[in-house]
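Hi,

Here's the structure I promised to pass on. Have a look at it first, then read my notes below.

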Amino acid sequence: MIFGHLAVSALEHRYVQVPFVPVMAAAVVPDIIDKIMHYGFGQHASGRMWGHTLVGVAVSSLVALALFGKRNAIGWIVGYISHLVCDSGGVVPWFAPLVQYEFPPAMDFITTLWTGLTKPTLILEFGLAIWAILALKPRFIETIRLSAPMPGRHFPAQSDDARGTTCASERS
Ligand SMILES: [Zn+2]
């Protein structure tokens with residue numbers, strides 16, 4: 001399920017120190033591409049095709065490298081590869097189109113969703129999600145604390161400006 005992928009990427013951000021945005025985006029992009037193509041447009045025999053191949057990894061990583069630089073591209077690759085590894089419980093067409101893959105009979109979206117929600121591995125995904133939340137909680141709190149305006153907190157430049165203005169107005 002998608003939150004399992006997000007949890008793994010969040011843990012990679014925390015423990016492998018890869019950038020947050022690309023590793024989290026790469027956790028969901030393979031499914032977004034292939035599920036939309038399969039369920040939305042009726043393409044491919046399965047909800048896992050080009051987004052779940054090494055060709056997909058290579059092409060998207062080159063785009064990430066060109067647009068966002070090496071550090072973000074590494075985060076992207078880590079998130080993308082881990083998505084495919086986590087999908088290994090089913091068919092992952094890693095080497096398509098060089099290798100032909102046989103997929104189980106296609107199910108409609110609701111049946112696929114229900115099957116995902118009743119799998120025993122869902123417990124593992126919940127566990128990973130809780131771990132990820134606990135691991136990143138201090139960072140979220142720090143980010144919120146730093147971005148929230150706090151009464152009485154002055155930055156040095158502002159304090160100096162404010163003092164200068166006050167002194168100038170007192171002098172005149
Ligand atoms: Zn997937």
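To talk about how helices pack, we need axes: lines fitted to C-alpha atoms, for helices over the stretch in contact, with angles running from 0 to 180 degrees between N-to-C directions. Helices here are DSSP runs (H or I, at least four residues), numbered from the N terminus. This is a predicted model, so local features need pLDDT of at least 70, side-chain atom pairs count only at pLDDT 80 or more, and totals for chains, interfaces and linings use all residues. Residues are numbered from 1 along each chain as its sequence is written.

Start with α1 and helix α2 (residues 20–40): their axes are 9 Å apart and the packing angle is about 155°. That makes α1 and α2 roughly antiparallel (over 145 degrees; under 35 is roughly parallel, 65 to 115 roughly perpendicular, and the rest oblique). Touching residues (C-beta atoms, placed from the backbone, within 7 Å) include H5, V8 and S9 of α1 and V23, A27 and D31 of α2.

Now α1 (residues 2–15) against helix α4 (residues 70–86): the angle is about 135°, with axes 10 Å apart, so the pair is oblique. Here G4, H5, V8, S9 and E12 of α1 meet V78, G79, S82, H83 and C86 of α4.

Finally, look at α6, residues 121–147. α6 is hardly covered, with 2 of its 27 residues buried (20 or more other C-beta atoms, placed from the backbone, within 10 Å of a residue's own).

Cheers

Definitions and conventions. Buried ≥ 20, exposed ≤ 12 C-beta atoms within 10 Å, placed from the backbone. Contact = placed C-beta atoms within 7 Å.
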